[in-house]
Structures are given as structure tokens and as C-alpha cells.
Amino acid sequence: MSLVNINEIHKYFDDLHVLKGVTLEVQEGEVVTIIGRSGSGKSTLLRTINGLEGIDGGTIHVDGHELVSSTKSLRELRLKVGMVFQQFNLFPHLKAGQNVMLALKVVKGIDEAEAREMALKAMEKVGLLEKFDVYPDQLSGGQQQRVAIARALAMSPKVLLCDEITSALDPELVNEVLTVVRQLADEGITLIIVTHEMRFARDVSDKVIFMHHGRVHESGDPKDLFNNPQTPELSAFIQSIA
Ligand code: ADP
Ligand code: MG
């Protein structure tokens, strides 16, 4: 079975039908990017995968386990599914390294010394070892986002979800974050990425999903999808962001 298996899921916010039977499979080591207009349901889809949003129909399996909304199973799920957001959400009163260590200690119960070792490794991976003892407000947006990535990675998730993680950054800071994600992709980490960076999506993904009005409108190999869109909606979307 695939690592993430989403089968015909539906999601409503009151009367608003936001996910209308979405099916998606992600294999271990795969990089899947989700593109589409604002409001098409991309964030909601990602948030269902780590249980931040419940679903109103269909099934989600992660690593062979069905996602059900009990506290215990959500806890287990969140150990497997990491997420990085547009806003970095670092704790301002904790140094960068302490931000990375926090969940290791609190959620995984790892002792201080070992958590520190793991956090050092994660900070090294994102190229920020020298910022371990620096507070977030002393870091650029790109660096803060790399700390947020380190924090997620330190937990050794089975899959990492990234929701527009470069959208809040000044343009000159986008590349340092994309470079880190590219490196994770090269290392074989399973990634599901919502992005507006189309060149990045084309270069890095194994598969691209185009969401439109709560449905997977088109999906496939990135080069085929971008060079040869099959629907007017995808054509229009590609033109609108080119
Ligand atoms: P995208 O990430 O593609 O921009 P979202 O998944 O954020 O789209 O939103 C899809 C639709 O669901 C939008 O119409 C949005 O306004 C609505 N929506 C998202 N979150 C909520 C919420 N918590 N409550 C009510 N409506 C929501
Ligand atoms: Mg969104």
C-alpha cells in the first residue's frame, strides 16, 4: 500500500463543500506538488492528512493506518506526518535550537542531551548550525522558515507537508528555502507540497496535482502537465501565473 492513501474524501465547512471526492496516492519517497487557485481546497486537503481537519466522507490511510479522529490515533498520526506552514510559527521566547528541541522533549519524551543532538543535526541539515542559540527575531524570514523545517524534520516524520512555505517571504529569500526542500527531495523524504513556485514544482515533483473547485482536476507527470494541459482550467491557471 502507498504511504499516503486518500480515497474519495469529502469536506464541508457548514454548507460549503470544499473537498468533493478527492483521491490521491503518495508512495514512499515521492514528491507530490499541489497547485491551483486560491480557495480550491489545497490547504484543507493538506490539513486533513495530519488530522488538523476532520473529513465528512471517504478514507485516509497513512503508513497503513486509517485516520480516525480519536485523540490517541491523532497523536500517533502527528508523529508520522510533519507540517510546515506559510507563517513559521516559531516560539519567539525560545532560541532557534530550543524551538527544534521542544517537541522532541514534550511529545516524544526524549531527554535534553539527546534532543539537543537531534536538533543540532536537523539545524545542520538546513544550514543553520551557527544559529542554534539565536532567537527567532534575530533571524531573517528565510532562516526562520528553515528553522521551522528543521523542527519538523527532527521528529523524523514519514511524510512532510509544506503549505506555501515561501509565500510569506521576500522574493530574495525564497530560494534558500526552496534549496533546502530540494535537498530533502533528493534525500528521498516523502513530500507533499502546496506551492505557487511553478518552476520548482516542475523540477522537483514526481507528480503534480491541479486542484480546481475542490476536485483533482488534472494530475500527472510535471512536464506533461505543464507543457500539455488537458483542460482549459489548467491552461488558464498556468497562464495566470506565468
Ligand atoms: P486554498 O488553500 O486552495 O486557497 P483552502 O483549502 O484554504 O483553499 O480553502 C478552500 C475553501 O474553504 C475556501 O472557500 C475557504 O474560504 C474555505 N475555508 C477554509 N477553511 C475554512 C474554515 N476553517 N471555515 C470555513 N471555511 C473555510
Ligand atoms: Mg492555502
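Predicted model: local features only at pLDDT ≥ 70, side-chain atom pairs only at ≥ 80, totals over all residues.

Student: Which residues make up the shell around ligand 1?

Tutor: The shell consists of Phe13, Leu16, Val18, Gly36, Ser38, Gly39, Ser40, Gly41, Lys42, Ser43 and Thr44. Strand E2 (16–26) and helix H1 (42–49) are the elements that give two or more residues to it. By class, the shell has three nonpolar, seven polar and one charged residues.

Student: Why does Glu8 count as partly exposed?

Tutor: Glu8 has 13 C-beta neighbours inside 10 Å. A residue is exposed at 12 or fewer and buried at 20 or more. The value for Glu8 lies in between, and therefore Glu8 counts as partly exposed. Glu8 is found in strand E1 (residues 4–13) and has a positive phi of about 50° although it is not a glycine.

Student: Why is Ser156 called partly exposed?

Tutor: Ser156 has 14 C-beta neighbours inside 10 Å. That count falls between the limits of 12 and 20, so Ser156 is partly exposed. Ser156 sits in the loop between helix H5 (141–154) and strand E7 (159–163), and its phi is positive, about 50°, although it is not a glycine.

Student: What makes strands E9 and E10 a pair?

Tutor: Pairing requires at least two bridges. Strand E9 (residues 207–212) and strand E10 (residues 215–220) have five, in the antiparallel sense, so they pair. The bridge partner of His212 in E10 is Arg215. Two residues lie between the strands of this hairpin, where His213 takes a positive phi near 50°.

Note on methods: Residues numbered from 1 in each chain as written. Chains lettered and ligands numbered in written order. Helix = DSSP H or I, 4+ residues; strand = E, 2+ residues; numbered from the N terminus. Near = placed C-beta within 6 Å. Nonpolar A, V, L, I, M, F, W, Y, C, P; charged D, E, K, R; others polar.
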